[in-house]
Structures are given as C-alpha cells and as structure tokens.
Amino acid sequence: MRLDKYLADMGIGTRSQVKQIIKKGMIQINNAICTNADCKINENTDIICYNGKPLIYEESRYYLLNKPMGYVCANKDNLHKTVFELLKGENLKGLFTVGRLDIDTEGLLIITNDGKLSHDLLSPSKHIEKTYYAHITGIADASHIDLCQKGLDIGDDKLTKPARLVILETNPMSNTSKIEITITEGRYHQVKRMFHVMGMEVTYLKRIAMGNFVLDASLPSGQFRRLHDDELKKLT
Ligand code: URA
C-alpha cells in the first residue's frame with residue numbers, strides 16, 4: 001500500500017495533509033525517516049511511526065457505544081450532535097453505525113467499518129433479534145402480547161414480523177407500563193409505530209440486546225469501548 005494512503009486510512013489526515021506530514025519528515029518506516037509519499041509499505045509487517053509513536057493497523061474495527069439521547073446516527077449533521085463525536089481520539093475513517101437509533105433512543109449501538117458484519121446484522125433474512133426496554137403510556141396486557149406476536153399493520157405493505165412483548169410493570173395510577181420488546185426487523189421508528197397502532201405511545205426507549213449480545217451494564221451512557229472477539233461472535 002502507498003504510504004500516504006495508509007496514513008489517510010489511519011485517520012492521520014486527508015491525503016494532501018498526510019503528504020505534508022511525510023514531507024516534513026514526521027514519518028518513520030522501520031526506524032528510518034521517509035519523506036516520499038509514494039513509498040510502498042507493508043501494513044502488516046512494517047513498523048510505521050508518526051511523531052515517534054507506532055501506528056497499529058487494523059483492517060476491521062468494532063465499537064460498542066452506549067448511545068445517549070440527543071445524538072443522531074449519522075456521519076455528519078448540520079443540526080445535531082452525531083454519535084461519532086462521542087468516539088473521542090479514535091480513527092473515524094470508514095466507520096458507520098450498524099443501523100440507526102432515533103435521536104431520543106438510548107443504548108446498544110455497534111459502530112464499525114466492517115460492511116459484512118453490518119449486512120449480516122441488518123439483513124431481514126437473518127432475523128437477528130433486537131431487544132428494547134421501553135416506557136409506554138397505557139396499560140399493556142395479554143392482548144398486546146398477542147397482537148405483537150401476530151404482527152401489526154403499521155402502515156407498511158406488510159405486517160410486522162412476530163415480536164415478543166414482555167410486560168415488566170404496569171402502573172394504573174400513572175396509566176403507564178414498562179416493557180421489553182424483541183423484534184427481528186429494523187423498520188423506521190418500528191417500536192414507536194407498533195405501540196402507536198395499539199393506542200399507546202413510547203416515552204422512553206433503550207436498545208438492550210442484539211442477537212445474543214447484551215448491552216454491557218457497566219458501560220455508562222455516552223461511553224464506548226472496543227468489542228471483544230467473543231462478543232463479535234455473539235452478535236451474529
Ligand atoms: N424503534 C424505534 O421506534 N426507534 C428506534 O430508535 C429503534 C427502534
């Protein structure tokens with residue numbers, strides 16, 4: 001790979017910025033300064049240092065973010081803060097979110113540059129389960145469990161696929177319920193729309209699991225960490 005492409009891929013700067021960095025002698029390849037941007041390197045065996053610090057090349061990167069409210073799942077947004085702003089100090093080049101959570105939804109969000117993993121997790125044919133914890137208006141009961149199981153007409157051309165509704169708590173005084181719902185699709189505002197057609201509104205929504213992977217309870221809202229290999233396996 002060309003040295004300038006490698007450095008740009010590593011998020012050091014744009015292609016023209018890294019050319020300047022190389023020219024200034026700030027890059028070392030195997031302990032020797034290199035000022036030639038065209039130079040070919042082997043990203044797996046050569047030791048490349050920027051300002052004296054070795055760069056670690058990783059083809060695939062996987063992050064778990066506990067998304068807080070108020071952030072959008074977009075690489076750029078003129079109005080709102082994006083989830084990428086929370087990945088402080090990381091190389092953002094090539095990263096995207098695996099699916100989207102609404103601006104007011106919290107919880108488990110995977111961020112990666114691995115298109116295959118993203119496709120596997122989102123593909124309707126794979127039926128990967130996504131579980132949400134929610135507060136809703138109204139009293140959920142067995143009839144709602146049944147409706148979710150049978151599929152709901154939320155205004156799309158097809159009913160929603162069978163979803164598992166678990167009622168955790170109902171509060172007749174405030175006319176509210178706390179529930180968990182597991183769906184296998186990822187339609188736009190799906191959970192909110194499902195409750196809406198059942199005459200209830202979602203007032204709080206948090207994704208807590210994807211596949212067999214459960215959101216790490218020790219990860220505070222707004223914080224991220226790398227995914228471990230065993231966690232990656234659990235996802236698909
Ligand atoms: N369903 C919703 O309505 N919103 C989300 O963010 C995720 C699922």
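**View 1. How the chain splits into domains.** In this predicted model, the domain assignment gives domain 1 (3–55), domain 2 (62–123 + 213–235) and domain 3 (129–210). Domain 2 comes as two stretches of sequence, 62–123 and 213–235. Taken over C-alpha atoms, the centres of domain 1 and domain 2 are 28 Å apart.

**View 2. Where the ligand goes.** Zooming in, we find the ligand in the largest pocket. Domain 2 and domain 3 both give residues to the shell around the ligand, so the ligand lies between these two domains.

**View 3. Who lines the shell.** Around the ligand you'll spot L101, D102, T105, Y132, H189, Q190, V191, K192 and L205. Helix α5 (residues 190–197) supplies the largest share of the shell, with three residues.

View 4. Start with D102: one of its polar side-chain atoms lies 2.7 Å from a nitrogen atom of the ligand. Over at K192, a backbone N or O atom is 3.1 Å from an oxygen atom of the ligand. For Q190, a polar backbone atom lies 3.5 Å from an oxygen atom of the ligand. As for how much of the ligand stays covered, the ligand taken alone exposes 240 Å², and the protein buries 96% of that.

Methods: Residues are numbered from 1 along each chain as its sequence is written. This is a predicted model: local features need pLDDT of at least 70, side-chain atom pairs count only at pLDDT 80 or more; totals for chains, interfaces and linings use all residues. Side-chain values use heavy atoms; hydrogens and water are left out. A residue is near a molecule or strand if one of its heavy atoms lies within 4 Å of it. A polar contact is a pair of N or O atoms within 3.5 Å; within protein, one must be able to donate a hydrogen and the other to accept it, and residues adjacent in sequence count only if both atoms are side-chain atoms. Accessible areas come from the Shrake-Rupley method with a 1.4 Å probe; for residues, only the protein chains shown count as cover. On a 1 Å grid over the protein atoms alone, a cavity is a set of points where a 1.4 Å probe fits but cannot get out, and a pocket is an open set with protein on both sides within 12 Å along at least five of seven lines; lining residues have an atom within 4 Å of a point. A molecule sits in a cavity or pocket if more than half of its atoms lie within 2 Å of its grid points. Helices (H or I, at least four residues) and strands (E, at least two) are DSSP runs, numbered from the N terminus. Domain bounds come from an automatic or database domain assignment.
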